[in-house]
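Trainee: Hi, could we go through this one together? I'd like to start with the overall picture and then look at single residues.

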Amino acid sequence: MNRLFYSIVRIFLKINVYLFLHPKVIGKENITKNNSLVLAGNHTSWLDPLLLIAVVPRKVHFLAKVELFKGIEGFVVRNMGCIPVNRKIHDKDSLKSAKDVLKTGEVIGIFPEGTINRTDDIVMPFKIGAVKMSSDTDSLLVPFVITGKYRVFGKSICIEFLPGRKISDDLDKENEKLMREISIKLERGCKK
């Protein structure tokens, strides 16, 4: 990660996200300053990572599909500290890279659905990577929920960070719990 590049992009995004999208941010206090964190939540739009970069006060390393690592886009995602994931295989290298980042006390951002949810289901089945890397590195798992639509000057997008927690050894149970927790929050919508 190029920290200067990240800082410049983050300032640019923060100004534009708050100026044009007016996001409502809830539970920001759940993003601790020192612990390694896995931020895991629903995926509604290609704008979701940009929203997270703008509102999270720490640097976030995202797991991103390998196809984004080409050309100018590749230059940007690489310098933002993104970790490439080959979604066609069970990519153990990306999981190892993410764990290495967490072992240094940093933050990983991941969308357990694996892609943008374009279905009518409230969430798609979660892949187990978020709870696995959290468990393997003793990092806090901080679920987040994005509700609403991205509308310019709309004040309609909301992101809520839920309290962080340690993960037990039962990864399947923890993954179901994460999926259920996010689904319930999505059904209820943004707090007023």
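Mentor: Happy to. Helices (H or I, at least four residues) and strands (E, at least two) are DSSP runs, numbered from the N terminus. This is a predicted model, in which local features need pLDDT of at least 70, side-chain atom pairs count only at pLDDT 80 or more, and totals for chains, interfaces and linings use all residues. Residues are numbered from 1 along each chain as its sequence is written, and side-chain values use heavy atoms, with hydrogens and water left out.

Trainee: Where is D138, then?

Mentor: D138 sits in the loop between α5 (129–137) and β6 (140–147). Its phi is near 55°, a positive value in a residue other than glycine.

Trainee: And is D138 buried or exposed?

Mentor: D138 counts as exposed, at 54% relative accessibility. The classes are buried under 20% relative accessible area, exposed over 50%, and partly exposed in between (1.4 Å probe, protein chains only).

Trainee: What about phi of H22?

Mentor: That phi is near 45°, again positive in a residue other than glycine. H22 lies in the loop between α1 and β1 (24–26), and with a relative accessible area of 27% H22 is partly exposed.

Trainee: Let's zoom out. How many helices and strands does the protein have?

Mentor: The protein has six helices and seven strands. Starting at the N terminus, their order is α-β-β-α-β-α-β-α-β-α-β-β-α.

Trainee: What radius of gyration does the protein have?

Mentor: The protein has 16 Å, which agrees with the value near 16 Å that a compact globule of 192 residues would have. That radius is taken over C-alpha atoms, and the globule rule is 2.2 Å times the number of residues to the power 0.38. Along the principal axes, the C-alpha trace spans about 45 × 40 × 35 Å. Buried residues account for 48% of the 192.

Trainee: Which contacts join residues at least 24 apart, as a share?

Mentor: Taking contacts between residues at least 6 apart in sequence, 70% join residues at least 24 apart. Contact here means heavy atoms within 4.5 Å.

Trainee: Now the helices. How do α1 and α2 cross?

Mentor: The axes of α1 (residues 3–21) and α2 (residues 48–55) come within 8 Å and cross at roughly 100°. The two helices are therefore roughly perpendicular to each other. The axes are lines fitted to C-alpha atoms, for helices over the stretch in contact, with angles from 0 to 180 degrees between N-to-C directions. Angles under 35 degrees count as roughly parallel, over 145 as roughly antiparallel, 65 to 115 as roughly perpendicular and the rest as oblique.

Trainee: Which residues make that contact?

Mentor: From α1 they are Y6, R10, L13, K14, V17 and Y18, and from α2 they are L50, L51, I53, A54 and V55.
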